[in-house]
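Hello,

Here is the structure we talked about. My notes on the findings follow below it.

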Amino acid sequence: MPALHGASGRSRRTRLSPEERRQQLLAIGVDWLADRPLEAISVEDLASAAGVSPGLVFYYFGTRQGLHQQIVLTARDAMLHATEPDPALPASQRLRDVLERFVAFVQEHDATFYSIVRGASSGDPQVRETIQHARDVLAQHTTEMLDELGVTPSPLRAVAVRAWISLAEQALVDAATDESIPAADLVAFLERSALATIRSTTAPPLPQPATAR
């Protein structure tokens, strides 16, 4: 499982293996997402915090953009791991279970989640691709649950799934750490909104207003 919290600058006097050093640098970078945007994470600051030279950071990640991409990748993979559907649960229970863990993840790592969402509008195409992969995985998990529930596949259903994921992202950003909104209420809202969005794809058309004469 990718870790969101790990070795910090306190380990600078410890001799680490190359992979341990790389993971240390990524852990510091992900931790920094809690109080600074991705664009503000510099190679020099990261090297100073880890007690290594900037050249070593470049050695591991190639470029500043490569570092940023790997930080986002680490955060993204931790989120996907935390919200992996439990195949032992029936589809009717799996969605709620995933949403409960999703809300818990955002409550614990709210700034990191916000940084992941913000990464979708990054000027770096590789960062955008990394974030889009997370959305694609979430869409696939949701689609598999709908298939098991017997919801007929259609192009409109695929649109609805992606539209709901966007809604869920914004709801989690706005409400997951709002103490006035209990976590159980947010989970219930997300579950109801998912089901309502999918049902709307097969609902009869709304009655049209009478044409004025």
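The charged end of Arg36 lies over the ring of Trp32, 4.0 Å from the ring centre. The criterion: NZ of Lys or CZ of Arg within 6 Å of the ring centre and within 35 degrees of the ring normal.

This is a predicted model, so local features need pLDDT of at least 70 and side-chain atom pairs pLDDT 80 or more, while totals for chains, interfaces and linings use all residues. Residues are numbered from 1 along each chain as its sequence is written, and side-chain values use heavy atoms, without hydrogens and water.

A search of the whole structure gives 3 aromatic pairs. Rings of Phe, Tyr and Trp (its six-membered ring) pair with centres within 6.5 Å; planes under 30 degrees apart are stacked, over 60 edge-to-face, the rest tilted. Phe102 and Phe113 pair edge-to-face, at 5.9 Å centre to centre and 85° between the planes. Phe102 is in helix H5 (residues 91-108) and Phe113 in helix H6 (residues 110-118). Helices are DSSP runs (H or I, at least four residues), numbered from the N terminus; strands are E, at least two.

Phe102 is buried at 9% relative accessibility. Phe113 is buried at 3%. Buried means under 20% relative accessible area, exposed over 50%, partly exposed in between (1.4 Å probe, protein chains only).

Tyr59, Tyr60 and Phe61 form one aromatic cluster.

Thr142 is in helix H7 (residues 125-148). Thr142 counts as buried, because its relative accessibility is 12%. Beyond neighbours within four places in sequence, Thr142 contacts (heavy atoms within 4.5 Å) Val161 and Trp164.

Best wishes
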